[in-house]
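Visitor: I like to see the cut-offs behind the labels. Could you show me around?

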Amino acid sequence: MNYLSVENLSKNYGDKILFEGLSFGLHKGEKTALIASNGSGKSTLLRILTGIENSDSGQVTTREGIRIGYLDQDPILGNGQTIDDMIASSHTGVSEVIRNYHNTLQSHSTNPTRETETALELATTEMDHKDGWDYERRLKQLLSLFRITDTTKTTDILSGGEKKRLALAMVLLNDPDLLILDEPTNHLDVDMIEWLEKYLSKANLTLLMVTHDRYFLDRVCNRIMELNQGRLFYHQGNYEYFLQKKAEREEVQQVETDKARQLMKKELEWLRRMPRARTHKSKSRIQAFDGIKEKAKGPEADAELKLQMQVTRMGGKILEIKDLKKRYGNIKIIDGFSYVFRKGERIGIIGRNGSGKTSFLNLMTGREQPDEGTIETGETVVFGYYTQSGIQFPMEKRVIDVIKEIAEFVRMGDGSTISASRFLEHFMFPPETQYKLVESLSGGEKRRLNLLTVLIKNPNFLILDEPTNDLDLLVLNRLEEFLLNYTGCLVLVSHDRYFLDKLTDHLFIFEGEGKLRDYYGRYSDYHLGKEKLSPGKKTQKEPVEQKQKTPTIKVKTKLTFKEQREYESLEKEIEQLELEKITIESSLHSGMSDYEKLNDLSERLGKIMALIDEKTLRWMELDEFV
């Protein structure tokens, strides 16, 4: 039996059909990513699975006795409660079991009788059942890990990031058998995401999650479930494999649509001739036309996000930062940082939450003033600043009016102009959505509207602070295409490692205590170096000691005999792994229905890909000296 089974599930909102007749199951140990565009109903589906929301029809069945954990995209925590109170009320069952065990143990120790011994045995069994033995240790560990230090704070004064971290800690503390997560990486910094990634990939649980983080998806999930126009499509494998199969499916659908359109054209010609003979055959042909017509429409094409904006010309002087210092009370944000920006730079900014990343952006754009140092901005620089909090739009205004207040027409990269309405369509706001009130937009739609108001001003220095939150993968892919072609300066704060790797080649790393490191390279390069150092991290020596030891350092010029043997064997091992990878991928594409075998093959494929990466990296290191 599945951990969770869904049969003929349907849900409508007014005239809009979110999904109809969905049926699927989640098996024990299966880790599934649910992919869909914003507004397709993926969050609604998750809420229905957990019983928070009702479906219009269909049935959701869970295996008896399993614990289900659910993390909402925007967790709602009890207002006025302290974190301590919330923890106590959220896990009252465990707390009562622990309290009962301690009381029973005390009674038996003070006055041992047959009754107290029996009560203690029952209390011990209940502790085993509720995992009470390890509860307090896990609670402290998780709160510490998610940097929740002051548990006397009330939940209504927590930031969005703090609420998300607290809610995630509470879900994991319950040690669920089935875990359902809606955008778990939103508001987490990279360190936390990488911890969660490792935890979920190793944990013995069943997982269903919605995420836009492609590295996270690839490293955690072994199955992808796509919700597209109310239908589900299943893919065993990683995100790259999913994209390949999706493209193949859409190509087949397009061929079928083209054939249906040709047939419809012939049928239309036949119908126009108005056949006089109303035989049974003629009537059947007329009735069949409706089916052909529907098929000829084909699947709705994904709206395109074509953001080829005209960038304002930039002069020689861009932005010069000299000995910048900023602190809040006793907390150092930046302590003596200097940098001169050049044309076309693409810089990513990383660091823990609260380390000062947003404050640095505010200093760059003049929203805040430094304690010491200077920031000189060139006369031709036009900032475009996309903030986490976003612009507070008037809720009673229509979307089209928000844009028209900035510009009736928008100049594109080729010199042509388009209307505000057409520009909105490029941002995946169809005409019917353009005339909606801002208050009726989803979180993702408001973020897109915010981004549009930044780009419509044609900035030549673009600053994006966590732009990926609440955006689906379709929008992210389109946004990446634009940013890859953007010719101005780009500064990007993001916890999405794939996004950083694709768009930046230079990092500012906030290390805490005011230290801001300038690192030339992608995030993956930085992370790899950090991983190599972590097992045997040594304290940094004084400069004098380094100078004394410098003459004794021997520069490596060739491989040792042992390394030469390793180099030769690595070539063979990589070749064998590549062959095994091809064999497994062929099996996965063969259409076999044996779930257990498919699951084993998917797990093995993930391990092989990791081994290929690891061994290839080592081969490249050795190859430098061959």
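Guide: Gladly. Seven of the eight residues of helix α1 (residues 42–49) are buried, so the rest of the structure largely encloses it. This is a predicted model, in which local features need pLDDT of at least 70 and side-chain atom pairs count only at pLDDT 80 or more, while totals for chains, interfaces and linings use all residues. Residues are numbered from 1 along each chain as its sequence is written, and side-chain values use heavy atoms, with hydrogens and water left out.

Visitor: What makes a residue of α1 count as buried, and which ones are they?

Guide: Buried means under 20% relative accessible area, exposed over 50%, and partly exposed in between (1.4 Å probe, protein chains only). Lys42, Ser43, Thr44, Leu45, Leu46, Ile48 and Leu49 are buried. Helices here are DSSP runs (H or I, at least four residues), numbered from the N terminus.

Visitor: Why is Arg219 said to sit over the ring of Tyr215?

Guide: The rule asks for NZ of Lys or CZ of Arg within 6 Å of the ring centre and within 35 degrees of the ring normal. Arg219 lies over the face of Tyr215 at 4.6 Å from the ring centre, so the distance is within the 6 Å limit. The charged end of Arg448 is likewise placed over Phe429, 5.0 Å from the ring centre.

Visitor: What does Leu166 contact beyond its neighbours within four places in sequence?

Guide: Taking contact as heavy atoms within 4.5 Å, its partners include Leu77, Ile83, Met86 and Leu143.

Notes
Helices (H or I, at least four residues) and strands (E, at least two) are DSSP runs, numbered from the N terminus.
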